[in-house]
Amino acid sequence: MNAATVAGQPVSTAEVDAREAALRASPVASVLPRPGTSEGRQLRRWLTQVLVTERVVALAAADLGVSAEGAPAESEVLPDLTARLEIGSVAAGVLADPMARAVFAHVTAGVDVDPAAVADYHRRNPDRFASDAALADHLRGAARRRAFRLWLDQRRAALVQLAPGYEHPGDPRQPDNIHRH
């Protein structure tokens, strides 16, 4: 049985099982939800998202001719908790891999910030950054993470088909979604 397909290639439920088993055998096991519960199914959905995203990134690396050599450090791409939150837990998890960071660097190489935006931000927040260069780096990093997240969303939409029961954890149509307004 398949949890998903990526560019027509299956992601089996056995792969999700194996990833879950590895996680449950790790030091974080005590904080994981119990299998079979609503939260446990949500964990499996999240793991499926990670697996399909890894595949999407691997396909992109091959298509773009990108190698992990010279990839930016994880701390350059995700310098703090705020950066991890803004890009999302799935993308942040995938960016632990140097190949994914190399794809990130390739996809976002042309992203920059307008000097006028830097000056405007500095004018509104004069005490936040010591220099315009540090501010420009901060804003550029945020813009690059946003561009990568949007690129990744588009690639997943084009390449990924999820099986029933393996929908995105935040999909309001799936029965275990608890996000309510």
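Q: Thanks! Which residues are linked with Asp17 in a network of salt bridges?
A: Glu20, Arg24 and Arg44 are linked with Asp17 in that network. Bear in mind that this is a predicted model.

Q: Okay, where is Asp17 found?
A: Asp17 is in helix α1, which covers residues 13-24.

Q: And what does Arg44 do with Asp17's side chain?
A: Their side chains meet in a salt bridge, at 2.9 Å from N to O. Arg44 lies in helix α2 (residues 38-64) and Asp17 in helix α1, so this pair ties together parts that are 27 residues apart in sequence.

Q: Why would two side chains pair up like that in general?
A: Side chains of opposite charge can pair when their charged atoms come close.

Q: Is Arg44 buried or exposed?
A: Arg44 is buried, with a relative accessible area of 17%. The cut-off for buried is under 20%. Asp17, on the other hand, is partly exposed, at 39%.

Q: How accessible is Arg19, then?
A: Arg19 has 28% relative accessibility, so it counts as partly exposed. Glu54 counts as partly exposed too, at 30%.

Q: Now for Arg45. Which residue forms a salt bridge with it?
A: That's Glu167, with the closest N and O atoms 3.4 Å apart. Arg45 is in helix α2 while Glu167 lies in the segment after β3 (160-162), so the pair ties together parts that are 122 residues apart in sequence.

Q: Are Glu167 and Arg45 buried or exposed?
A: Both Glu167 and Arg45 are buried.

Q: Last one: how many salt bridges turn up in the whole structure?
A: A search of the whole structure finds 13. Among them are the ones we went through: Arg44 with Asp17, Arg19 with Glu54, and Glu167 with Arg45.

Key. Residues are numbered from 1 along each chain as its sequence is written. This is a predicted model: local features need pLDDT of at least 70, side-chain atom pairs count only at pLDDT 80 or more; totals for chains, interfaces and linings use all residues. Side-chain values use heavy atoms; hydrogens and water are left out. Helices (H or I, at least four residues) and strands (E, at least two) are DSSP runs, numbered from the N terminus. Buried means under 20% relative accessible area, exposed over 50%, partly exposed in between (1.4 Å probe, protein chains only). A salt bridge is a side-chain nitrogen of Lys or Arg within 4 Å of a carboxyl oxygen of Asp or Glu.
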